[in-house]
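My entries follow the structure shown here.

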Amino acid sequence: MLQGAENSFQVSRRPESRALAERLDDWPAEVTVEQFPAGHSNLTYLVRGGSREVVVRMPPRGYKAIKAGHDMAREYRILSALSPTFGRVPRPLCLFGEDETPLGRPFYAMDRVRGVVLRDAKIDGRRLDGDELRPISASLVATLAELHAVDVSAPGLAELGRPEGYVERQVRGWSDRYARAKTDDIADVDLVADWLAANMPDRSD
């Protein structure tokens, strides 16, 4: 689902369009960009030219304050390693890092994978009933099971993770990012963070 036409703009002369043209084969001369709504961590755009469509991901402004949550290079590496063995993820096309980006922030492009966007139990504004949601829920569980069945020791994937201490890194990392980014004091969040820190398992691998 995309934001309306008022958020669509021509970018044929913009630096990101020229940069993509240098990296991608058969890139059209005239393209438009539309932003996907929601997704508050990183920004996602559809870049369309004729029948060619790619999706671009980039961090928001001010991303360097919480850089670990906006690591475009890591997203690109994970997709590059996962796409050959797990066909449900998009194929990454090109990455623009800190030193080569024309936008002042890193971004990457990938193939568009079409699917149903479900938000608040609605599709295109229509609320679904239980009979409609049941197969969607079953598909979600089956897809997660398929993802977790991927051999993480395969070449390309084994080098990505550090299983030892994973839970501790997640709890401490997200608690720290919340503390640095929060605008209001929310006692319940602090309570949950303290509980998680005190109840981490001894092993997480």
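Entry 1: I started with Arg180 and Asp176, whose side chains meet in a salt bridge at 2.9 Å, N to O. I noted the rule: a salt bridge is a side-chain nitrogen of Lys or Arg within 4 Å of a carboxyl oxygen of Asp or Glu. Before going on, I wrote down that this is a predicted model, where local features need pLDDT of at least 70 and side-chain atom pairs count only at pLDDT 80 or more, while totals for chains, interfaces and linings use all residues. Residues are numbered from 1 along each chain as its sequence is written, and side-chain values use heavy atoms, with hydrogens and water left out.

Why are Arg180 and Asp176 separated by about one helical turn? They are four residues apart in helix H4, residues 166-181. Helices here are DSSP runs (H or I, at least four residues), strands are runs of E of at least two, and both are numbered from the N terminus. Arg180 counts as partly exposed at 48% relative accessibility. Asp176 is also partly exposed, at 39%. I kept the cut-offs: buried is under 20% relative accessible area, exposed is over 50%, and partly exposed is in between (1.4 Å probe, protein chains only).

**Entry 2: a pair in helix H3.** Next I looked up Asp131 and Arg134. Their side chains form a salt bridge at 3.2 Å, N to O. They sit about one helical turn apart, because three residues separate them in helix H3.

**Entry 3: Lys182 and Asp185.** I found another salt bridge between these two side chains, at 3.2 Å, N to O. Asp185 is exposed, at 68%.

**Entry 4: a network.** Salt bridges with shared partners join Glu34, Arg48, Glu53, Arg112 and Arg114 into one network. I counted the salt bridges in the structure: there are twelve. I then checked Glu34, which lies in strand S2, residues 32-35. Glu34 is buried, because its relative accessibility is 11%. Its side chain makes a polar contact with the side chain of Arg48 at 2.6 Å. A polar contact is a pair of N or O atoms within 3.5 Å; within protein, one must be able to donate a hydrogen and the other to accept it, and residues adjacent in sequence count only if both atoms are side-chain atoms.

**Entry 5: Leu140.** I ended in helix H3, residues 130-148, where Leu140 is found. Leu140 is exposed, with a relative accessible area of 53%.
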